[in-house]
Amino acid sequence: MNHSYNKFSVRYLLVACSLWLVACSSHQHPDKKIFHYNESSGIASLDPAFAKNQSIMWAVHQIYNTLIEVDDKMQLKPSLAQRWEIAADNLTYTFHLRTDVFFHRDDCFANKERRLTAFDVEYSFKRITDKNVASPGAWIFNKVAVDGFKAINDSTFQLKLIQPFQPILGILSMQYCSIVPKEAVEKYGTDFRRHPVGTGPFQYVAWEEGQALILKKNEQYFEKDSTGRSLPYLDGIKVSFNESKATEFLEFQQGKLDFINDIDPSFKDEVLTKTGNLKKEWEGKVILQKHPYLNTEYFGILSDTNNAILANSPLRFKKIRQAINYGFDRRKMMLYIRNSIGTAAENGFVPQGLPSFDTSIIGYRYDVTKAKQLLAESGFPNGEGLPPITLLTIPIYADIAGYFANELAQIGITIKVEVIQKSLLLEQTAKSQALFFRGSWIADYPDAENYLGVFYSKNPAPPNYTRYNNPAFDKLYEEALAEKNDSLRYKLYQQMDKLVIDDAVIVPLWYDEAIHLVQPTIKNFEANSLNLLELRKTKK
């Protein structure tokens, strides 16, 4: 089949599927329920090995399953694996799989039923680490031994680590770890990115890039609700790819989209009050959903004393770094610039939404007296003789940086804001060429290790952009990796967080919030702190 004919076939199929969707939504078929959302950034691939950003992860999550998944309280629970055991040495994990899971019917299986086995798990994980695949997720298995993936039999899979690493269970919930069939990868080759075959609640129908992606209900899906009814409840999903956030917002207003993720800054003041609630004219027309999102926004400070760029900077003094942290009002910033979306980061680096988050970690509150006292103790009373400090940021955070600079100017600290492109900032922070920089850390998996590993001295940049090096921190970090007991591990995490905050190598700004506008016709639409699109139990 030549390329042009193939493309024509896909477009023809998409038109046919779109007509099916329209028919499903019509008065003749009121029982057909299709969930519509827009992905303004597009979807680069439907291959889980490339699930490196939210748009891909959302789609992959509908089509595939992982051994373990995360619930709405950020706790790990079984999915394809019914249960698992950890050996006494903390190195061998044995997973016992469900035996009632089938891949979607597809040409790669001659359209027959094909049961999922442990050999599919072994194949999928080895594929992630295969250099020829070049998955951006290969790093997730850095702690796994050579030949550390093994199917013992059809329903038993074993994973072996080089060293104890308790967060491996959280890592297995990532979309990279979705289970794929070898037959589909081999049949479709490079086209597997656009012809996914999984075990998930929805299965692939058609995808015309730049137009729409269409998925339909998997009638064979293994999960049931508490009453024994098969999931999912929806009949299908249609994803559009309109790049314009203004058009997306208009289509949501017209009821053509069932929800929108986040509110574009240009519409924020139209919809939300400064306290983050719906304005009167929107009440009753839409549902506003807000919940913690595992993302900490911060300014980072390079702390490597061997780096020449730190030699003459006042940021080499801990008390100056602490004065900066005390010297601006985070709560006022949230109210006036963020419409109260998110929470002022007045605790640790680990954000709200993780089980180990602890309000007893006292971070920095707005305290002008304390800031001035620290400046004086550093030999710069009221900022006299203190050289200007350059802060690197990106265009969309220029207003935050400007607010920060204005606040600190009032206590005698001069911040020069330099706005550069994101790619350049990432390059400079990776090469330790940025002394004071804007950063954000979004969780890959639901364990605080994901945040605290950012400060482990043996980690390169990324993730250790500040080049933080504290032997006491490292000792606690290594202890935590081997700790099986969750509550004991959380205590170690909290001690580590306190060390980072006291050393003030970061200026935490806010713990983020995911915000959704949802149509009143949508029920059971709940997101977790990873802001994963969950549609198995959604009703329309």
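With which residue does Lys 77 form a salt bridge? In this predicted model, the partner of Lys 77 is Glu 69, and the closest N and O atoms of the pair are 3.6 Å apart. Lys 77 is partly exposed, at 31% relative accessibility, whereas Glu 69 is buried, with a relative accessible area of 5%. Both residues belong to a network of salt bridges that also links Glu 223, Glu 534 and Arg 536. The search of the whole structure finds 30 salt bridges.

Another salt bridge joins Arg 438 to Glu 297, with 2.8 Å between the closest N and O atoms. This pair links distant parts of the chain, 141 residues apart: Arg 438 lies in strand 16 (residues 436–442) and Glu 297 in strand 12 (residues 287–301). Both Arg 438 and Glu 297 are buried.

A salt bridge is also formed by Asp 503 and Lys 318, whose closest N and O atoms are 3.7 Å apart. Here helix 15 (residues 486–503), which holds Asp 503, is linked to helix 8 (residues 318–326), which holds Lys 318; the two residues are 185 residues apart. Asp 503 counts as buried because its relative accessible area of 18% is under 20%. Lys 318 is partly exposed, at 32% relative accessibility.

Arg 438 is also among the residues touched by Leu 391. Leu 391 is located in strand 14 (residues 389–393) and is buried, with a relative accessible area of 0%. Its contacts beyond four places in sequence include Phe 299, Ala 401, Phe 404, Ile 415 and Val 417. The C-alpha atoms of Leu 391 and Ile 63 are separated by 42 Å, and these residues are 328 residues apart along the chain.

How values were computed. Residues are numbered from 1 along each chain as its sequence is written. This is a predicted model: local features need pLDDT of at least 70, side-chain atom pairs count only at pLDDT 80 or more; totals for chains, interfaces and linings use all residues. Side-chain values use heavy atoms; hydrogens and water are left out. Helices (H or I, at least four residues) and strands (E, at least two) are DSSP runs, numbered from the N terminus. Buried means under 20% relative accessible area, exposed over 50%, partly exposed in between (1.4 Å probe, protein chains only). Contact means heavy atoms within 4.5 Å. A salt bridge is a side-chain nitrogen of Lys or Arg within 4 Å of a carboxyl oxygen of Asp or Glu.
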